[in-house]
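Trainee: I am new to this structure and would like to look around with you. Could you show it to me?

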Amino acid sequence: MTTEAKHPFHILYVDDEEKSLRYFRQIFEDEYFIHTATNAADGFRILEEHGARIGILLTDQRMPGESGVELMERARNFQPNVIRILVTAYTDYDSAVKAVNEGRAWRYLHKPVDPEHFAIVLRDGMEAYQTLLNRERLLHEKADDLRTQLMADKVSGMGILAEGLNHHLRNALTVVRAFIDLAPMKLMEEIDARPPRDPSFWIETQNQAATQIDRIQSLLTHLAHASHARKLARTEQVSLHALLTETQSAYAGHFQENRVQLTIDIAANFPALLVHGERFRQLLRLLFIEELTHLQPGDSIHIQATLQVDATGEYYAIITLTDNAAWGGPHDSGANLFDPFYTRSRKPDDFGVNMMACFVTMHLHGGTVSAKRLQPQGLELTLRLPLDPEKNCQEAETYLRGTLSGDTRWNKSVEMAA
């Protein structure tokens, strides 16, 4: 087994005494991957190069240039989780105590260090570093989960509302539609087939009423669709570029009519996505409809996609849609975009049901969608989709157990360090 396989995190030792560095490497190079430097500047460059792969920073206090405490302070600002150990001579005792008390150092050791004691400290330091990483990951996941649960509660409440609206309003709308459809004919019968004084009034009113009823029924359909907050089976492998091009073609006439320019910037080697095909296609259609609704002639849209890796090694597809429209009014925020009952300042007759449906679709894919207003004008929509389909709708209890477990390990490491 290689040292990389046994210990994924490295040790960086900075000391101007090259004998100390050679001695340390001879003792521990079979167990750890070790980097050395003879001054703080070179040591910090190594830390910048390897980043979170370095779990422990060992440094002497008195060196040419920056001192060990100054190096640890820079390391703490650059990579807060790295375990910082000050190796000092007895004459630097006060500096070592101050460094520990102020949080710059996790431990301090006196030269010369007993190898067996050194081995214990390094083992404990690696465990503490792993605990810090786990804690950070779990807290990040818990924060995401809390946000998701809040939205799930909102979606659930919408579901109850949608079911009630569907049950009570659809029957009423059916009756109203029948009345409106029959009104012109019945009116002509009532006036003995004589032309009415203003025939266009009846025809236009009937058309407007029918259009509004269609719109209400569409809103109800989207609300009912959003209420089905169940895990989606991500079984269809799709090309994002191909899907966007397909959707663009479907709305090409609308883009041309509204004189809106659309550019798609996605690398040819961008990985295929596992999605729920029907819902993901609907999401793209709703995004295009939303843009066409609010953009003005001459406005433009730019869509790009990148890959992102988080601290735990999970890969995400980041899809960003940016426009340059004068969106909303001074009191409209990006978060309002997903509120199904929020009326925009610029278009008071329009609601956010389409974008709420997009939010729910991303939620059920295990991802998120957020909106941000740009300055001086424009809107940026960011969709964050985990490539791993098993990331769908993870339960809050899983995060809670992980967080409690991380807290237990954290408290244990603190007790060991005391």
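Mentor: Welcome! This is a predicted model, in which local features need pLDDT of at least 70 and side-chain atom pairs count only at pLDDT 80 or more, while totals for chains, interfaces and linings use all residues. Residues are numbered from 1 along each chain as its sequence is written, and side-chain values use heavy atoms, with hydrogens and water left out.

Trainee: In what order do the strands of the open sheet of five strands lie?

Mentor: Strands (E, at least two residues) and helices (H or I, at least four) are DSSP runs, numbered from the N terminus. Two strands pair if DSSP finds at least two bridges between them. Pairing in this open sheet is mixed, and the order is β7-β9-β10-β12-β11.

Trainee: Which are the edge strands?

Mentor: Look for strands that pair on one side only. Those are β7 (261-265) and β11 (368-373).

Trainee: Which residue in β12 stands opposite Thr322?

Mentor: Strand β10 covers residues 315-323. Eight bridges join β10 to β12 (residues 379-386), and the two run antiparallel. Opposite Thr322 stands Glu380.

Trainee: At what angle does helix α10 run to β12?

Mentor: Helix α10 (residues 277-294) lies across β7, β9 (300-309), β10 and β12. Axes are lines fitted to C-alpha atoms, for helices over the stretch in contact (heavy atoms within 4.5 Å), and angles run from 0 to 180 degrees between N-to-C directions. For α10 and β12 the angle is about 175 degrees.

Trainee: Why does Tyr315 count as partly exposed?

Mentor: Buried means under 20% relative accessible area, exposed over 50%, and partly exposed in between (1.4 Å probe, protein chains only). Tyr315 is found in strand β10. It counts as partly exposed because its relative accessibility is 44%.

Trainee: Where is Pro376, which a cis peptide bond joins to Gln375?

Mentor: Most peptide bonds are trans. The bond between Gln375 and Pro376 is cis, with omega about 5 degrees. Pro376 sits in the loop between β11 and β12.

Trainee: And what is omega for the cis peptide bond that joins Lys111 and Pro112?

Mentor: Pro112 is in the loop between β5 (107-110) and α6 (115-190). A cis peptide bond joins Lys111 to Pro112, and omega is about -10 degrees.

Trainee: What is the phi of Arg259 near?

Mentor: Most residues other than glycine have a negative phi. Arg259 lies in the loop between α9 (252-258) and β7. Its phi is positive, near 55 degrees.
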